[in-house]
Amino acid sequence: MTTPSQPAIAGTTAPANGAHDVPMLRGGTWVTSASPRRTDVFNPSTGKVIARVPLATPDETNAVVEAAAAALPAWAETPVVERARVLFRFRELLMGSFERLAITVVREHGKTLPEARASVQRGIEVVEFACGAPSLLMGEILPNLARNVDGETVRHPVGVCVGITPFNFPAMVPMWMFPIALACGNTFVLKPSEKVPLTSNLIAELLMQAGCPNGVFNVVHGDKSCVDALLTHPLVRAVSFVGSTLVAKYIYETGTRNGKRVQAAGGAKNHLIVMPDADLDQSVAALQASAFGCAGERCMAGSVALAVGKVADPLVERLVDTANRMTVGPTDAPGANVDMGPLISAEHRDRVAGYLDIGKAEGADLALDGRRDLPADGFFLRPSVIDRVTPDMRVAKEEIFGPVLSVVRVGDLDAALDVGRRSPYGNGASIFTQSGWAARQFKHHFNAGMIGVNIGVPAPMAWFPFTGWNQSFFGDLHIQGRESIQFYTQQKTSMTRWFERPTDAAQDPVWRGKD
């Protein structure tokens, strides 16, 4: 066990004299970056700076990777049961700090407290999955596959792994990655979004308290130059990424070109089909949560409603009414009771709001404009609904990543399926119906990797892979589930033969011809 050196704050609270400098974790020690470059961390609810995060130099990034590489041999040889015990202790510490984690997410990201709690819980479930490593890592054996020859396959760690994570889920997405990587015997370097570094530092603090050896888990803060240093570093063997499609493609191409194993989850344009027989009360509630939950800043948000036939008019009417009644405001105040919080930054808010003008210019109807009655401070935009969108419009094709729902009216289920076929993405899609036949056709034919029936956000839980398709994923093995075990391990097959007597036949029984 190790007792890491920790600063008094580890990136979770600011001193009285202003925003603190966020440290990095290298080899079990919290260090202050010598980089001359810093960027502000904001509380999106207030627009105020709460911390300053360093943008690591190439030498600092290299030092973090080397610390992970130095810790690799001992951790890889640590029995899997002992590695699992570290994760069990980590899980208990996460539960004990559950509210602290959720509040940190609220403070640096702007989620509502219920949303933050849910995201922390989803991350903890991946830790619980990883605690089963002794079973998940069991190999295969076939005795006597040839005369007196046994064959077996076992899994080995791949080496130093890197996780590059986005701003929208500061706790959940990092925990999609490193618990499984560590359980498999790898060491890990986490590069969280520079917009939300505080939650990652708190998680790292708890993992060290759980007895994670020095250097097994490290945190480096930085921007593209830091990412490029990680993608090209000769000691890095595997890279996991979640973010936009443009960056996911870059991560995949750069990482694989430099010999890395890469899984890169990208953006999405998720479709929600509402059939004429759907229960409108249930459907509207699900669409509201899917499109406007987490302020629309998630890759599984429903951003296009496909209204089939006569359901369109009443659906839009109810959506507008429901969205219009949502309370929007600061999420960080004690006792805050709001339905939706701010977006991550002023720049991102303005980009999302710009799509309302784009849709209107393309000929769509702005049924609900969210640019009204906004709080004076913070980065807010109310829910917006764009009606009579056509599949060729930008608001129907491009990832907006905010609280904007586009409604495309189609004549039947086949037309809705065709809209999906034309999408370059393929993350998630849902159908709302009481027809088993319609649901079956949808499940079988829709062009997406994660499917929901009467479910607004069909995101799989820890035990299933996050199976994005097309431009929503680059790689072969997905994040989460058993595919993640495959991603973070490499297989070794052994053939073994022992002779009973020195005079036994020297001929290789595997290549022995037919008698």
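Colleague: Where is the place of Asp373?

Modeller: Asp373 is in the loop between strand S15 (365-368) and strand S16 (384-389); helices (H or I, at least four residues) and strands (E, at least two) are DSSP runs numbered from the N terminus. This is a predicted model, in which local features need pLDDT of at least 70, side-chain atom pairs count only at pLDDT 80 or more, and totals for chains, interfaces and linings use all residues. Residues are numbered from 1 along each chain as its sequence is written, and side-chain values use heavy atoms, with hydrogens and water left out.

Phi of Asp373 is near 50°, a positive value in a residue that is not glycine. Asp373 counts as exposed because its relative accessibility is 65%; the cut-offs are over 50% relative accessible area for exposed, under 20% for buried and in between for partly exposed, with a 1.4 Å probe and protein chains only. Gln480, also not a glycine, has a positive phi of about 80°. Gln480 is found in the loop between strand S20 (473-474) and helix H16 (481-487). At 2% relative accessibility, Gln480 counts as buried.

Glycines with positive phi occur as well. Gly47 has a positive phi near 80° in the hairpin of S4 and S5, where 4 residues lie between the strands. Strand S4 (residues 38-43) runs antiparallel to S5 and is joined to it by 6 bridges, two strands being paired if DSSP finds at least two bridges between them. Strand S1 (residues 20-21) runs parallel to strand S5 (residues 48-54), with 2 bridges. Arg52 in S5 stands opposite Asp40 and also opposite Asp21.

Helix H7 covers residues 197-209 and spans 19 Å from its first C-alpha to its last, close to the 18 Å expected at 1.5 Å a residue; the expected span is 1.5 Å times one less than the number of residues. H7 is largely enclosed by the rest of the structure, because 12 of its 13 residues are buried. Among them are Ile203, Leu206 and Leu207. Phe90 contacts Ile203, Leu206 and Leu207, and also Val127, Phe178 and Ala210, with neighbours within four places in sequence left aside; contact means heavy atoms within 4.5 Å.

Phe90 is also one of the residues that touch the most other members in the largest nonpolar core, which has 66 residues; Trp176, Phe178, Phe188, Phe217 and Tyr488 are the others. A nonpolar core is a set of buried Ala, Val, Leu, Ile, Met, Phe, Trp, Tyr and Cys residues joined through side-chain atoms within 4.5 Å. Helix H6 (residues 172-183) gives this core its largest share, 10 residues. Another core, of 59 residues, lies apart from it and includes Leu280, Val311, Leu343 and Phe380.

Elsewhere, an open sheet of 3 strands is ordered S6-S7-S21, with antiparallel pairing. Its edge strands, S6 (140-146) and S21 (489-497), each pair on one side only. Strand S7 (residues 149-157) is joined to S21 by 9 bridges, and Val149 stands opposite Arg497 in S21.

On confidence, the protein chain has a mean pLDDT of 94, and 95% of its residues reach 70 or more; pLDDT is the predictor's confidence in each residue, from 0 to 100. Over residues 1-17 pLDDT stays under 50, and the model has 39 contacts beyond four places in sequence for them. Where pLDDT is low, the predicted coordinates should not be read in detail.
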